[in-house]
Amino acid sequence: MWAFVAFETLVFTAYFSVYLFCRAQNPQLYLRSQAELGLTTGVLNTVVLLTSSWSVARCVHAARAGRYSTAMAGAAATIGLGLVFLALKVFEWVRQIQAGNTVASTDFFSHYYFLTSIHCVHLLIGFVAMGVVMYQLYSPARRSQKIVETAATYWHTVDVLWVLIFALLYIVR
């Protein structure tokens, strides 16, 4: 998992570098386009994902202590919060498209849709990982702390990537 996390970090570093390079070429366009994003929605999405990091950490901690029903609740909460994030992101995409901000509108929105979409793909993979955690926690014969911690590591990686995406798309001026 750590090799995968390192690889993902390198891939996203490349994405972020391209974004920053393009932004430097046309800062006014990026500032105008960025102003059309809802900072409140971005902050809410960030709070939701940071809360999901807390719930997956609770899952790991409970599993280590042998409190498997609490660990299941933590995993379920993590999935639920991920679904809230996804719903908010789809709502934001629809709102942007209705405002005429599509993937082809500006370079900023091309980057916006690419970065947020690739993040959501990683989130979907995280749902599968957390589903595996719930499946294996359900039965004493399948319980594996290694699986719980591996899935949690992946989930935290997805959350950290969102914090960086949020900073680049919503905050950096």
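The protein contains 6 helices and 0 strands, where helices (H or I, at least four residues) and strands (E, at least two) are DSSP runs numbered from the N terminus. Read from that terminus, the order of elements is α-α-α-α-α-α. The model is predicted, so local features need pLDDT of at least 70 and side-chain atom pairs count only at pLDDT 80 or more, whereas totals for chains, interfaces and linings use all residues. Residues are numbered from 1 along each chain as its sequence is written, and side-chain values use heavy atoms, with hydrogens and water left out.

**Overall dimensions and burial**

- Taken along the principal axes, the C-alpha atoms of the protein fill a box of roughly 55 × 30 × 20 Å.
- Of the 173 residues in the protein, 45% are buried, a label that means under 20% relative accessible area, with exposed meaning over 50% and partly exposed lying in between (1.4 Å probe, protein chains only).
- When contacts between residues at least 6 apart in sequence are considered, 78% of them join residues at least 24 apart, a contact being heavy atoms within 4.5 Å.

**Nonpolar core**

- The largest nonpolar core has 46 residues, and the members that touch the most other members are Phe 108, Tyr 112, Leu 123, Met 130, Val 133, Leu 137 and Leu 169; such a core is a set of buried Ala, Val, Leu, Ile, Met, Phe, Trp, Tyr and Cys residues joined through side-chain atoms within 4.5 Å.
- At least two residues of this core come from each of helix H1 (2-25), helix H2 (27-34), H3, helix H4 (68-98), helix H5 (107-138) and H6, and H6 gives the most, with 13 residues.
- Leu 169 touches Tyr 19, Gln 34, Leu 37, Phe 108, Tyr 112, Leu 115 and Thr 116, if residues up to four places away in sequence are not counted.

**Helix H1**

- The 24 residues of H1 should span 34 Å at 1.5 Å a residue, and the end C-alpha atoms of H1 are 35 Å apart, which agrees; the expected span is 1.5 Å times one less than the number of residues.
- Buried positions in H1 are Val 5, Glu 8, Val 11, Phe 12, Phe 16, Tyr 19 and Arg 23, and the buried residues of H1 pack against H2, H5 and H6.

- Trp 162 lies in helix H6 and counts as buried because its relative accessible area is 1%.
- Not counting residues up to four places away in sequence, Trp 162 touches Gly 42, Asn 45, Thr 46, Leu 49, Phe 85, Lys 89, Thr 116, His 119 and Tyr 170.
- Thr 41, found in helix H3, is buried with a relative accessible area of 12%, and beyond its neighbours within four places in sequence it is in contact with Leu 88, Glu 92 and Arg 95.

**Salt bridges**

- The count comes to 2 salt bridges, each defined as a side-chain nitrogen of Lys or Arg within 4 Å of a carboxyl oxygen of Asp or Glu.
- In one of them the side chains of Arg 64 and Glu 149 meet at 2.8 Å, N to O; Arg 64 lies in helix H3 and Glu 149 in helix H6, so the pair ties together parts that are 85 residues apart in sequence.
- Arg 64 is exposed, at 57% relative accessibility, while Glu 149 is partly exposed, with a relative accessible area of 27%.
- A salt bridge also joins the side chains of Lys 89 and Glu 92 (2.3 Å, N to O), and these residues are separated by about one helical turn because they are 3 residues apart in helix H4.
- Lys 89 is buried, at 0% relative accessibility, and Glu 92 is likewise buried, at 0%.

**Nonpolar surface patch**

- Leu 39, Val 43, Val 47, Ile 171 and Val 172 form a nonpolar patch on the surface, with about 370 Å² of accessible area together.
- Patches are made of residues with over 30% relative accessible area and no salt bridge, with like charges joined within 9 Å and nonpolar side chains (Val, Leu, Ile, Met, Phe, Trp, Tyr) within 5 Å.
- Helix H3 (residues 39-64) gives the most to the patch, with 3 residues.
- Val 172, found in the segment after helix H6 (145-171), is partly exposed, with a relative accessible area of 35%.

Conventions:
Accessible areas come from the Shrake-Rupley method with a 1.4 Å probe; for residues, only the protein chains shown count as cover.
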